[in-house]
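My notes follow in the order in which I looked.

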Amino acid sequence: MKEMKVRVGVDIGGTFTDVALEHANGLSTCKVLTNYHQPEQAILDGIIKATEQAGLNLGDIGQVIHGTTLVTNSLIERRGAKLAFITTEGFRDVVEMRSENRFEQYDLNLRLPTPLVARQDRYTLKERMAADGSVLLPLDVEEVKTLAARIVERGYEAVAVGLMHAYANGAHERDVERILKAAAPQLSVSLSSVVSPQMREFERFNTVIANAYVQPQVASYLTRLVQRLRDIGIGAQVFMMHSGGGLISIETAAAQPVRLLESGPAGGAIFAAQYANSHGIAKVLSFDMGGTTAKICLVEDGAPKTANSFEVARTYRFKKGSGMQVSTPVVEMVEIGAGGGSIASVDTMGRIQVGPRSAGSEPGPACYQRGGEEPTVTDANLLLGRLDPDNFAGGDIRLSVSLAESAVDARLTRGAGVARAEAAFGITEIVDENMANAARAHTIENGRDVEAFTMVAFGGGAPLHACRQCEKLGIKAVLIPPGAGVGSAIGFLKAPFSYEATRGFFQRLTNFNSDDVNAMVQQLEREARAFVSAAAGGAPTSIKLVAFMRYSGQGWEIPVVLSHRAFTPSDAAMIENAFNDAYRRLFGRTIEGLGIEITNWSLTVATDLKPAARVKRLASERKAHVSRTRHFFDAALRRTVEAVEVRRSDMVPGARVAGPAVIIEDETSTIVTDAFEAIGQQDGSILLIRKDRGNA
Amino acid sequence: MPSSVIDFQIMWNRLIAVVEEQATTLIRTAFSTSVREAGDLSAGLFDRRGRMIAQAVTGTPGHVNAMAESTGHFIREIGPDNIFENDVYITNDPWMGTGHLHDITMVSPSFRAGALIGFFACTAHVVDIGGRGFGPDGNEVYEEGLQIPIMKFAERGEVSQSLVRLVRANVREPDQVVGDLYSLAACNVAGDRRLQEMLDEFDIADIEGLSDYILETSGKATREAIARVPAGTYRNTMEVDGYDAPVHMEVRLTIDGETLTADFAGTSGMSKFGVNVPEVYTRAYACYGLKCAIAPDVPNNHGSLIPFGIVAPEGCILAARRPAPVSIRHVLGHLVPDVVLGALAQAMPAVVPAEGASALWNVQIAARPVEGREGRTTQLLMFNSGGTGARPSIDGLSATAFPSGVKTMSVEATEQIGPIVVWRKDLREGSGGAGEFRGGLGQTIEIEAREGYEFHFNAMFDRIRNPARGRRGGHAGAAGAVRLSDGTQLRGKGRQQVGAGQRLVLSLPGGGGFGDPRKRERKNIEADLIAGYISREQAVLDYGFED
């Protein structure tokens, strides 16, 4: 592989396409509007712009790394392929019956999300595997041929195959694929035993259906993208960011597009991880707050926490259960409907509620003067002095205090029975409370103590709310990196090549069969390695093996990291100890007398990254240049305080400012509350630390 | 004081997060299938007078609303002078807890600076409680398992080993059940830790002022919502299958300004079998049904529950007297909302749905090797739901639990646990009641033991002889059916055998339709035909569909 000095990361988001170009002299970034009809056009425009900024030629680019929200959008907007689903007879309706419960207990008019494949497009075959992978009912080849003919006749563009227990034995699925391909070589076919070989039919079927649904579209988009890049002289290899926080080849991405669903947010988590590494912070809470949602992710020892399933496209107030459960490796993220555009209202009990409804960018908050009439978090921040009406988005948008006031007056003060200032404080305090509760719940679910974490805050809204979050959570330090507006695209440049292979493979430790396990693990390694070397060649790699374990009888598995080596029968004791340690860390105890079992396995092969250059943390040396003084409402003190205003560009390495202070830049403002002080760091980030840390 | 209103609102939000954490801790560490997979639990915070002020939204109404009453019993039985820091109290008393012996309720007092400030309580359904096992065949509660009166599980942090040994000796899965007892106690501790942090942050000594604010606000909002319902007296009756004899349920609902009473006088007397319902459980579900229609947005707490005055005469099947058997009280309990909603429909015709399958079709299976083969018996529990009733402007939900809040389990996961094969679990075509808005479809389930095994199961199914009725011209949903694959009809209640090579076939009821089916939009009938939700014959006969 040739030396790749110039690399470019491109993230297509809902509103903007972000570009980050890394070259010998640093980083050039830019944002262009996302082009929904021709997403690749925005990429080209952005790359050209960034290359010009850096004074380089397009031909200098050695690598393009791409992540996109378009896969998720096509699921949400139902713009995928004409799709058929083939499953085991008796299980035609698994994806329609879902978990058989209601995600909202008191709503008599609840609507459940409709499946991506309508019932008339779901076909069944008389065949059946048992839980142990043995054949209970063999596949009838003639029946499959007849079905294949119907599939062709009805003009389906893609087929998802999900058979019962295919994670334990995928032979029938492979036979079905072979017969379908014989009948229609061009047909896009996705198998559940390939895309998501994990136990639990509802999640696995959903995953293979989602994959097949977007596959033709994603494949053609990626082909087009590579061609367009060639056309303008970028012959570089293109790689895709996957939801698990690593890079895969275009070919893998085109075959398994379901792995791309969370690629953008994964880039954000990698971005936070990079700062965790260079600042030597072992435990980081990544906090990304934009206009509509806030995302929270844990980064420990430089690696974002991952999971093997998640929910996309929630249809009901971001409520758990209202979306589509997909089981594929993912950076584990909590997303709640809390952002600058989140709308405040008063409920039947006179309580202020904030979000998840958002004014978005159109019409936007009332103060944007674009017709928004409902009060939002941004309006409240304006009224509390945390935003400067004359200097928002670098002065591009003039904010109207009077429109914010009238929105709050009209919709809140009367219903809630409080004064305007009180109502504005209520809005920000409730949204801060919602985000802090989500962060606390997430760390607790992972058996962690949130106070031990350092926050890395990015996205337009996070620096406004970071200090208050930390006051609520007991966190003592926040890092606000530079370039936070294009964090995901920068994160792409820092990601390893990686592939996580998973398998449902049931083992009770009392009958631990090391031969079977070794064979399965080897198979996972071959699979993962093949995908990684397809993209990264012979670069040095590391392997992580995780067993998902529980006590027999429990329904919740916990991830247990095992050393990757050939197991012997006596290793059951070692695995039991590893489980006990992990269980104790999560729940504070173990339980005697119960059997232990493993349900799913995951093996990740990732290329080794160069260790991050350590940034020496600077203590306070000299005072930052103060532009002027202004006032904002400090929530912890419950009063308006006089604050100094400092330009971000004046927060040079070692420059210090004590709260109350506001650090302004074009993209956002950082509110330094009375409890914190800010210190400029060598890499351009700002460190916010509690003044009373010495006594903590 | 205006600023304290905002603070109270923030603390109220925080309390919901506190009890959610309490519930999450329980779900993640519990062993019981119904807790971990199905969410059959509840968790809540009570003030020092025993009034519930916050409750986790996870959980199922029968538990939640019944548990709301239980803390008062604990305070009385333990005695105020006998409550110490780090105590934990326990009961599974069906009349003071949540209606049957399988549910364990645990209450932990919360102290601050040495003073009692409130209680955390939680309830979970354990895998076994001894006796005959989970099923309706007992004739007295004594046959249904071990009874634990209200007592101390732990005093000043010291767990009663005598009680633990007693429990271990009386249940089939001692490790799991005792594990669950500790999980329940641990979840209360988790809640309390978070509550104390909140009180530190806001620098307050107790939750009295907060409790008053929450309960007054919720009570007021609920009473106002009741006052918006047209005043009057509304009656309804409903017949269901029962066990040994059909059950007649009757309610008189009176709404007069801000007061509401629902009286079940006229309802059948008790059964000899475990379908009886303690009154606390009847109140829980009646209240849930009414609240969904009248005040769905008001959080569940003592303040929002109290305005619903619900009574059933002692000795009727919905207010069973000790020592009646009550093991499967959920079946009639789940049908109670249909009874009260049928009365309320007269006052709120545009809100109340048609009747649904309502009672879960839980199957408790014991699979064992056929004679002459080695191996132990495996217990399996499956939760399954029929269709819900059509709503006044939307179709019913197919194969979805209402009023219960539980989830089903993955078939693949079930088959990993025991030697059975579930050959079918899919929608039951044509089972939704016809209507301008169609009832939700039931489902069909076929279960067989794997080769070399056989099983028995405890049936606890209803709406086999009494299908869900439609409303305002809507037709009834399909009735349920229980049979073997050879056609043998089985009973809807009680223990029955399924021999090797036979399949158990369950046909779950559909929901009732809403409105005249002939008014259904043609495009919706066509869509139903294409999807196979209805047959062509139904389209023609019920809906008057012409090609």
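I started with helix 15 (residues 514-536) of chain A, which lies across strand 25, strand 26 and strand 28 (596-607) of chain A. I read its direction as about 25 degrees to strand 28 of chain A. Helices (H or I, at least four residues) and strands (E, at least two) are DSSP runs, numbered from the N terminus. Axes are lines fitted to C-alpha atoms, for helices over the stretch in contact, and angles run from 0 to 180 degrees between N-to-C directions.

I noted that this is a predicted model, in which local features need pLDDT of at least 70 and side-chain atom pairs count only at pLDDT 80 or more, while totals for chains, interfaces and linings use all residues. Residues are numbered from 1 along each chain as its sequence is written, and chains are lettered from A and ligands numbered from 1 in the order in which they are written.

Next I checked helix 16 (residues 571-587) of chain A, which lies across strand 26, strand 27 and strand 28 of chain A. Helix 16 of chain A runs at about 135 degrees to strand 27 of chain A.

I then traced the sheet itself: four strands of chain A form an open sheet in the order 25-28-26-27, with antiparallel pairing. Two strands pair if DSSP finds at least two bridges between them. Strand 25 (498-508) and strand 27 (558-562) of chain A are the edges, each pairing on one side only. Neighbouring strands of this sheet are turned against each other by 25 degrees on average, direction ignored. I counted five bridges in the antiparallel pairing of strand 26 (residues 541-551) with strand 27 of chain A. Opposite Val546(A) I found Val561(A) in strand 27 of chain A.

I moved to helix 1 (residues 39-54) and helix 7 (residues 201-231) of chain A, whose axes come within 10 Å and cross at roughly 30 degrees. Helix 1 and helix 7 of chain A are therefore roughly parallel to each other (angles under 35 degrees count as roughly parallel, over 145 as roughly antiparallel, 65 to 115 as roughly perpendicular and the rest as oblique). Pro39(A), Glu40(A), Ile43(A) and Leu44(A) in helix 1 meet Tyr221(A), Arg224(A), Leu225(A) and Arg228(A) in helix 7 of chain A. Two residues are in contact if their C-beta atoms, placed from the backbone, lie within 7 Å. This contact divides into five nonpolar, no polar and three charged residues. Ala, Val, Leu, Ile, Met, Phe, Trp, Tyr, Cys and Pro count as nonpolar, Asp, Glu, Lys and Arg as charged, and the others, Gly among them, as polar.

In chain B I looked at helix 7 (residues 279-294) and helix 9 (residues 330-344), which pack at about 45 degrees with their axes 8 Å apart. Helix 7 and helix 9 of chain B are therefore oblique to each other. Their contact has 11 nonpolar, four polar and no charged residues.

Arg235(B) has Arg252(B) as its bridge partner in strand 9 of chain B. Six residues sit between the strands, and Gly242(B) takes a positive phi near 65 degrees in this hairpin.

Last, I looked up the chain contact: 63 residues of chain B touch 58 residues of chain A. Helix 1 (residues 2-29) of chain B gives the most to chain B's side, with 14 residues.
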